Amino acid sequence: MGMWLFLFTELILFGGMFLAYAVYRFKYPGEFQLAATELDTFVGTLNTIILLTSSLTVAMSITALQEGRKALSMLLVTLTILLAFGFLVNKYFEWGHKFAVGIYPRSPELLARTSGEVLYFGLYYVMTGLHALHVIIGVAVLTFNLVFIARGSVHAGAFVKLETGALYWHLVDVIWIFLFPLFYLIH
Amino acid sequence: MAVNTEDHPAHPQHTVSYASYLLIWLGLIALTAMTVAAAGIDLGRWVIITALGIASIKTVLVLAVFMHLKFEDRVFRVFLAVALVTLAIFIILTFFDYAFH
């Protein structure tokens, strides 16, 4: 219950940003399209598949725990954490490449462009950055759960902590489901 | 109001099978492929509608099965609906304000 209420606050946080995105995209459709061509659709698609798969593994870890298969559950949570790291590594290289070609907030290269493109990259950095922060927090939450399962404080009879962590993780996935087409797929 | 506490869930335990999770995952991957493929076609103003439509279907799948909303109390679904409608109203009102500025 508490987790759902928290997820609603997250909805409003990201909702506000999606609203800003919607208004600026409406105002600068051409510039957004032009700027979006600089994102790598392949990396975006790969990260989408990684996150969807991590949602699958964390969901399965609950079933495994409910069935009393502790080792399998721990393996699935570990896989989820590894996939999250895979996502972050991709993000790191993606941002690194952008920085290397001079596209980062307030860079001379970016400021020389039209205001629509500046806004696009501003929203890109803020929204994917905030999302990446959520991924990092999710990794921490899942790591705690791994320890709890190992110690036996989270088990087949008491798995609410894992369920709550999984809920948060799925929210991170859902936000990415919207970020992906809005930033990578507007050619 | 009955609140589910951690130690005494008011609703019976639901175990979702690995097979149903896998099926949903396959659906999500297929929808991802669809949205990438659709982006390659010039649909004009339908581009954003298609993208958001597919994203919404994916979200419903995640919410219903991965997040167990399908098996939760009705109260959760009502709460979520209220939150989403509120967000939709914000967005629609903003565009009205924007259009008549």
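User: Which domains is chain B divided into?
Analyst: This is a predicted model, by the way. Chain B splits into domain 1, covering 17-67, and domain 2, covering 70-101.

User: And how many Å apart do the C-alpha centres of those two domains of chain B lie?
Analyst: The C-alpha centres of domain 1 and domain 2 of chain B are 21 Å apart.

User: OK, switching to chain A. At what angle do helix H3 and helix H7 of chain A pack?
Analyst: H3 (residues 41-66) and H7 (residues 160-184) of chain A pack at about 160°, and their axes are 10 Å apart. Angles over 145 degrees count as roughly antiparallel, so H3(A) is roughly antiparallel to H7(A).

User: Is the crossing of H3(A) and H7(A) left-handed or right-handed?
Analyst: The crossing of H3(A) and H7(A) is left-handed.

User: Which residues meet there, in H3(A) and H7(A)?
Analyst: From H3(A), they include A:Leu51, A:Leu52, A:Val58 and A:Ile62; from H7(A), A:Trp169, A:His170, A:Asp173 and A:Phe180 are among them. By class, the residues of that H3(A)-H7(A) contact are twelve nonpolar, six polar and two charged.

User: Now the two chains. How many residues of chain A are in contact with chain B?
Analyst: 33 residues of chain A contact 32 residues of chain B. On the chain A side, helix H1 (2-27), H3 and H7 each give two or more residues.

User: Which element gives the largest share of that side of chain A?
Analyst: H3(A), with twelve residues.

User: What's the breakdown by class on the side of chain A that touches chain B?
Analyst: That side of chain A has 21 nonpolar, ten polar and two charged residues.

Key. Residues numbered from 1 in each chain as written. Chains lettered and ligands numbered in written order. Predicted model: local features only at pLDDT ≥ 70, side-chain atom pairs only at ≥ 80, totals over all residues. Domains from an automatic or database assignment. Axes fitted to C-alpha atoms, helices over the stretch in contact; angles between N-to-C directions. Helix = DSSP H or I, 4+ residues; strand = E, 2+ residues; numbered from the N terminus. Parallel < 35°, antiparallel > 145°, perpendicular 65-115°, else oblique. Left-handed = near helix turned anticlockwise from the far one by under 90°. Contact = placed C-beta atoms within 7 Å. Nonpolar A, V, L, I, M, F, W, Y, C, P; charged D, E, K, R; others polar.
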